[in-house]
Amino acid sequence: MVGEESELEQETGLPLLEIYSPIRAPWSGRVIGVVEFYEDGTNLAQSIQVARRESWLVVALVMLAMSASLIGIVYRGSRTIDEQREKLKSQLDKVGRASEQNRILRKRVQKSSERVSEINENFLRRTSAELHDGPSQLLALASMKICDVGDIANTAARDRELLLIRGVLDEAMREIRNICNGLSLPEIRNLSVNETIGRAANVHANRTDSAIDISLLEQDIAAPMSVRICIYRFVQETLNNAWQHADASGQSICCKYDDRSRQLKIRVSDTGPVWRRLVTPKITTVLD
C-alpha cells in the first residue's frame, strides 16, 4: 500500500492485503462504486515465505538429483570408456602378439623354404657323390678288367677275370638299387665303426684280389648312419684310387678314436710311387 489515502493503515505496521470489490447496480449490472477493505496478510506473507522456501528446497533437491544423475551417467560413461579402452588395448596387444607370431612363422617358413632348397641341393650333391663313389668306381674297374681280358691267353685265368668282372658288375647293380631305394647302404645299417671299415675293406679285397693292412679301434664304437655311410664311401673311394693309381701296393687303413674329444680319425695310405701319393687321404669327424 502506497499513497496518502493509506497512511493510516501503514501506521499499523501490519502486512495488509488491500482488496477492492466493485458495486454493481441491481437493475443494470453496471459498476457504480468500489468498496475498499483491508485484510491482515500476516498469514499470507508467512505462507508465501514457506512456499518460497519449499520451492527453493524442491528446486535444490531436483537440481541435486539431476546433478547426481548426470554425475552418475558421466561416471558410468567414463567407466565404460575406460573398460572399452582396456579391452581395445588388450585386443591391440593380442593383435600385436599375433602379428609377431605371424612374423616369426613367416621367417620360419622362409627359413624352411631355404632349408628345403638346401636339402634338395645336398640331396642332388649326395646322389652325385653316391654314384661317383659307388657304381662309377665299380664300372671303371670292370672296364679296366675287360680291357685286360683280351690279353690273357690262359683260359682258366680268363674265366677267373670274367667271373670277377661279373661280380663287379653285380655289385654295381646292387649299389645302383641301393641308391634308388634310399641313398643308403642297407648292408651297414646295423654295423659298428670297425665292422663298417672291415666290410668296405673286405669287399674291395675280394673284388681286386689285393691285400689290405687294417688297424681298427681297440674298443669298437657305434656311430650314426650318416657317419657310417661317410666312412664306407671314404674307404671305398680311397682303396679304389690306391688300386687304380698306385698299383694297390702297401694299402693300409688306420682308425683312431679320441674319447676325450670324441673325434674319430681314419687314414688310408699306400706305398705306391711318390708322384701318385702326394696326399694321404684322411677324414676326421666328431661323434655326438
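**Helix packing, cores and loops in a predicted model**

Colleague: How do you know that helix 4 meets helix 5?

Modeller: Val193, Thr196, Ile197, Arg199, Ala200, Ala201, Val203, His204, Arg207 and Thr208 of helix 4 meet Arg228, Ile231, Tyr232, Val235, Leu239, Asn240 and Trp243 of helix 5. Contact here means heavy atoms within 4.5 Å; helices (H or I, at least four residues) and strands (E, at least two) are DSSP runs, numbered from the N terminus. This is a predicted model, in which local features need pLDDT of at least 70 and side-chain atom pairs count only at pLDDT 80 or more, while totals for chains, interfaces and linings use all residues. Residues are numbered from 1 along each chain as its sequence is written, and side-chain values use heavy atoms, with hydrogens and water left out.

Colleague: Why are helix 4 and helix 5 called roughly parallel?

Modeller: Their axes, lines fitted to C-alpha atoms over the stretch in contact, with angles running from 0 to 180 degrees between N-to-C directions, come within 9 Å and cross at roughly 30 degrees. Angles under 35 degrees count as roughly parallel, over 145 as roughly antiparallel, 65 to 115 as roughly perpendicular and the rest as oblique. Helix 4 and helix 5 are therefore roughly parallel to each other.

Colleague: Which residues touch the most other members of the largest nonpolar core, and what makes a set of residues such a core?

Modeller: A nonpolar core is a set of buried Ala, Val, Leu, Ile, Met, Phe, Trp, Tyr and Cys residues joined through side-chain atoms within 4.5 Å. Buried means under 20% relative accessible area, exposed over 50%, partly exposed in between (1.4 Å probe, protein chains only). The largest core has 24 residues, of which Val193, Ile231, Ile253 and Ile266 touch the most other members. Helix 4 (193-208), helix 5 (225-245), strand 4 (251-258) and strand 5 (263-269) each supply at least two of its residues, and helix 5 gives the most, with 8. Apart from this core lies another, of 9 residues, including Leu141 and Trp243.

Colleague: How do you know that strand 1 and strand 2 pair?

Modeller: Two strands pair if DSSP finds at least two bridges between them. Strand 1 (residues 16-24) and strand 2 (residues 31-40) are joined by 9 bridges in the antiparallel sense; leucine 17 has glutamate 39 in strand 2 as its bridge partner.

Colleague: Why does arginine 262 count as partly exposed?

Modeller: Arginine 262 has 36% relative accessibility, and therefore counts as partly exposed. This residue lies in the loop between strand 4 and strand 5 and has a positive phi of about 60 degrees although it is not a glycine.
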